[in-house]
Amino acid sequence: MRLSPARRRRTLSWLLGTALALTALTVTFRPALTVPGPQALQAGADLLRQRTVLVIVGHPDDLEWYVGGTLRRLADAGAHVHVVVATSGENGPNRTRTPDLPGTRQREQLAAARINGYARVHFLHLPDRGAARDPRFLPAVQAILRDVQPGAVLLFDPDLPSLPYLHADHQGTARAVLTAWRTPGPDRPAVYLFQTRRPDTATDITRVMDTKERALAQHVTQNGGNGSGMRALFGGRSVGVRHAEFFRRLP
Ligand SMILES: [Zn+2]
């Protein structure tokens with residue numbers, strides 16, 4: 001079939017437009033350290049000296065995927081790692097076709113928590129894809145904050161997220177918490193944002209990479225029991241180590 005010249009021009013300009021848009025997206029979202037590597041690692045060492053840490057995520061498996069290595073290292077150093085899982089991830093996927101996906105995912109999260117050494121998992125049981133808008137979310141988080149008194153809080157980066165995956169329960173929950181802290185006060189703990197494209201903090205997770213994978217593999221409904229495949233995403237070459245997790249610390 002031959003395309004008419006007009007049709008060919010349209011197809012060409014569409015292809016060019018798509019290529020330009022993809023390039024712009026890649027350039028915009030490309031993660032890039034904002035400080036020299038050694039400085040980022042030094043800031044990561046400061047984070048790893050925290051004694052009590054609270055992490056807030058949307059779903060079971062977010063913790064192990066994004067910050068599992070850092071949390072294992074904190075636990076190894078004797079820190080109390082508290083985690084808040086806003087939803088039970090009932091929207092799936094459901095690779096094992098379990099009839100009780102929320103219950104199964106909570107059990108998977110608890111199994112991962114044992115491997116990674118969390119002090120406590122706080123499940124909020126809010127609706128998947130609706131956690132950030134739910135009026136119960138902030139009061140529940142505030143009650144946990146009062147109770148746990150963390151020195152540092154770890155959240156998704158809502159303002160400068162890196163690709164490839166954005167989700168209302170990820171950036172949305174983080175935005176809700178940060179909005180409540182719009183004015184940093186003496187009561188606000190240090191805040192570290194992950195899945196960020198402008199990191200200034202890096203933790204060396206090389207020696208706990210196997211544990212991170214094993215913890216992630218507990219989420220069988222999500223990955224079929226295979227936690228590998230993400231090693232390449234946590235390469236630490238930019239800071240001179242084999243594997244790293246990256247954060248943006250709020251001033
Ligand atoms: Zn998630």
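**View 1. Helices α5 and α6 pack against each other at an angle of about 65°.** In this predicted model, local features need pLDDT of at least 70, side-chain atom pairs count only at pLDDT 80 or more, and totals for chains, interfaces and linings use all residues. Residue numbers start from 1 along each chain, following the sequence as written. Helix α5 covers residues 137-148 and helix α6 residues 168-180, and their axes are 11 Å apart. Axes here are lines fitted to C-alpha atoms, for helices over the stretch in contact, and angles run from 0 to 180 degrees between N-to-C directions. Helices (H or I, at least four residues) and strands (E, at least two) are DSSP runs, numbered from the N terminus. That angle makes α5 roughly perpendicular to α6; the classes are roughly parallel under 35 degrees, roughly antiparallel over 145, roughly perpendicular from 65 to 115, and oblique for the rest. The crossing of α5 and α6 is right-handed, meaning that the near helix is turned clockwise from the far one by less than a right angle, with anticlockwise giving left-handed. From α5 come Phe137, Leu138 and Val141, and from α6 Thr173, Ala176, Val177 and Ala180; contact means C-beta atoms, placed from the backbone, within 7 Å. Sorted by type, the residues of this α5 with α6 contact are six nonpolar, one polar and no charged. For that sorting, Ala, Val, Leu, Ile, Met, Phe, Trp, Tyr, Cys and Pro are nonpolar, Asp, Glu, Lys and Arg are charged, and the others, Gly among them, are polar.

**View 2. Helices α4 and α7 run at about 165° to each other.** Here α4 (residues 101-116) and α7 (residues 209-216) have their axes 8 Å apart. The angle makes α4 roughly antiparallel to α7. Their crossing is right-handed. On the α4 side look for Ala112, Ile115 and Asn116, which meet Thr211, Arg214 and Ala215 in α7. The tally for this α4 with α7 contact is three nonpolar, two polar and one charged.

**View 3. Seven strands make an open sheet with mixed pairing.** Reading across, the order is β3-β2-β1-β4-β5-β7-β6. The edges belong to β3 (120-126) and β6 (201-204), each with a single partner strand, so one side of each has no neighbour in the sheet. From one strand to the next, the twist averages 25°. Strands count as paired if DSSP finds at least two bridges between them. Zoom in on β4 (residues 152-156) and β5 (residues 190-194), and you'll find parallel pairing over five bridges. Leu154 stands opposite Tyr192 in β5, and Val153 is across from Val191 in β5. β5 also pairs with β7, in the antiparallel sense over two bridges; Tyr192 has Arg249 as its bridge partner in β7.

**View 4. Strand β1 is largely enclosed by the rest of the structure.** Five of the six residues of β1 (residues 52-57) are buried. A residue is buried if 20 or more other C-beta atoms, placed from the backbone, lie within 10 Å of its own, exposed if 12 or fewer, and partly exposed in between. β1 pairs with β2 (residues 80-87) in the parallel sense over six bridges, and Leu54 sits opposite His82 in β2.

**View 5. Ala45 and Asp46 are both found in helix α2.** The helix spans residues 37-47. Ala45 has 13 C-beta neighbours inside 10 Å, so it counts as partly exposed. Asp46 is partly exposed too, with 15 other C-beta atoms within 10 Å. Ala45 and Thr201 are 156 residues apart along the chain, and their C-alpha atoms are separated by 8.7 Å. Asp46 and Ile56 are ten residues apart in sequence and 20 Å apart in space, C-alpha to C-alpha.

View 6. With 7 C-beta neighbours inside 10 Å, Arg97 counts as exposed. Gln149 is exposed, with 12 other C-beta atoms within 10 Å.

Key. Two residues are in contact if their C-beta atoms, placed from the backbone, lie within 7 Å.
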